[in-house]
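The sequence and the structure come first, and the description follows.

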Amino acid sequence: MIKGFPKLAVIVFLTILVFALYTLLIPKYNYSKLFKQGNDSLLVLASDITQRDSLQSSKLQEESKPKKKKKKYVKKIKPVSFDEIIGGDNFTNIKPFFSKLKKLDKNEKVKVRIAYFGDSITESDLATNRLRSVWQDSLGGKGIGFLPAVSKLSQYRASIKHTYSNNWKEYSISRKQDRAYPLGLFGNVAVPSQIKMDSLGIDTSSVSWHSFSMMEGNWLAKPTLMVLNPKAPLEIEYLANRDTLRKTIKVSDKLQFISLSDSLLKYLSISYYPQDTTYVYGLDFSDNKGIYLDNYSLRGNKGNNFLYLEKSILEQAFAFFNYDLLILHYGANVTDPIMKDYSWYRISMKKNIRYLKETLQETPIILFSVGDRGAMKDSLWLSSPDLPYLIKEQKRIAKDTDIGFFNVFTALGGENSNVKLEKNKILTPDHTHFTRKGARYFGDLLYNKFNDEYLKFLENK
């Protein structure tokens, strides 16, 4: 132990010497700064973790709370009463029509023509036939005007007997897939089927045809066939009274109006021998003088489908018929008892009327309001509560487009008039549509209204 002592002392001495030299000669490092930075970093990290946990916790709490529904924008509709929509007739915008009527009234050799567009309220030419007949009795005219080539409601017409074969292809504006075809003013067009050939020649049972017979003194006056035949010559054979005649209609990308006779006929039948590329619109039965009213009423129509008719077709048809007045009578297919906002209909109708005006130029237009429509409430029939809102918009449509207006609802008796009209057999049990007696009643009502307004026109002149 004593021998090893000096060696141990030397080791201790050298250790102390090295430590002293390190302390004196080597620059002192800022350990406090190092540990301070380390502590700050740790604190920041801990803070981030704490904040993240806090945000996640808040998010979970928010998700667990029931979500507040966003407030939907609800358009405020001002209540409209039945008293507010009474009257409002405006016939001043159809003065050009009355001026033309005056010439006819003075026995001048002129032709006055009216187009009546409507829905099921005036379908089958019932009310319009009565109006036409009374007018023609006083001002002259022979013939019912335009008649479509085919119509599922032809069997209900009282003005003419119209039959046709069942092998026509009909395209209608009421079907969206058909609106690409060149539809006519009636909202439809018909295509004769392609004929079949048997070993002996033509299979006559495959030939498309239609026939027309006079009823109630309505002569088939000077029939004119309206077709579009763009691809191949059209061969037709027709029987006028007892005479069998034939014609070949040329190819053209324009509407053609083919005169079939200059006489007043009692019977006409037409057979077609084409390829199935010809569009047949119908026939016009009208003389050169007098007053004529064409019925273009189509079941289910709201009146806002004119935009689907080709402008070129409209222009050519209007140029031929040369109308002095257009009547637009719609609304029965628009009404809904729970509806109060009809601004969509106003916007749509204004677009359609402007479209018509672009093609008609100066021809005056008058809008007829919807009549009374019954609705059941507690087993009682009342006027549908939405009618004031619809008629208010119809008045605005007429005003905004600068056309005439006739309040049919008021003329028929106003609020709840459907009850009395149905009781008197003027309306059918649905408290909306006219019976045959009612159609006659409405035709007389229209004639008296136009006559009253015409007399006012004469007084003001």
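## Helix α7

In α7, the buried residues are Leu387, Pro388, Tyr389, Leu390, Ile391, Glu393, Gln394, Ile397, Ala398 and Thr401. Buried means under 20% relative accessible area, exposed over 50%, and partly exposed in between, with a 1.4 Å probe and protein chains only. Helices (H or I, at least four residues) and strands (E, at least two) are DSSP runs numbered from the N terminus.

The buried residues of α7 pack against α6 (343-360), β19 (365-368), β21 (380-383), β22 (404-406) and α8 (408-411); a contact is a pair of heavy atoms within 4.5 Å. Helix α7 covers residues 387-401, and at 1.5 Å a residue its 15 residues should span 21 Å, which agrees with the 21 Å between its end C-alpha atoms. The expected span is 1.5 Å times one less than the number of residues. Asp402 follows α7 and has a positive phi, near 60°.

## Basis of the model

The model is predicted: local features need pLDDT of at least 70, side-chain atom pairs count only at pLDDT 80 or more, and totals for chains, interfaces and linings use all residues. Residues are numbered from 1 along each chain as its sequence is written, and side-chain values use heavy atoms, with hydrogens and water left out.

## The open sheet

Five strands form an open sheet with parallel pairing, in the order β17-β1-β18-β19-β22. Two strands pair if DSSP finds at least two bridges between them. β17 (290-297) and β22 are at the edges with a single partner strand each, so one side of each has no neighbour in the sheet. Neighbouring strands of this sheet are turned by 20° against each other on average, direction ignored.

Strand β18 (residues 325-329) runs parallel to β19 and is joined to it by 4 bridges. His329 stands opposite Phe368 in β19. Helix α6 lies across β18 and β19, at about 155° to β19. Axes are lines fitted to C-alpha atoms, for helices over the stretch in contact, and angles run from 0 to 180 degrees between N-to-C directions.

## Thr432

Thr432 lies in the loop between α9 (417-423) and α10 (436-460). Its relative accessibility is 12%, so Thr432 counts as buried. Leaving out residues up to four places away in sequence, Thr432 touches Ile121, Asp372, Arg373, Gly374 and Leu427.

## The whole chain

The chain has 10 helices and 22 strands. Of its 461 residues, 47% are buried. Among contacts with a separation of 6 or more, 78% are between residues 24 or more positions apart.
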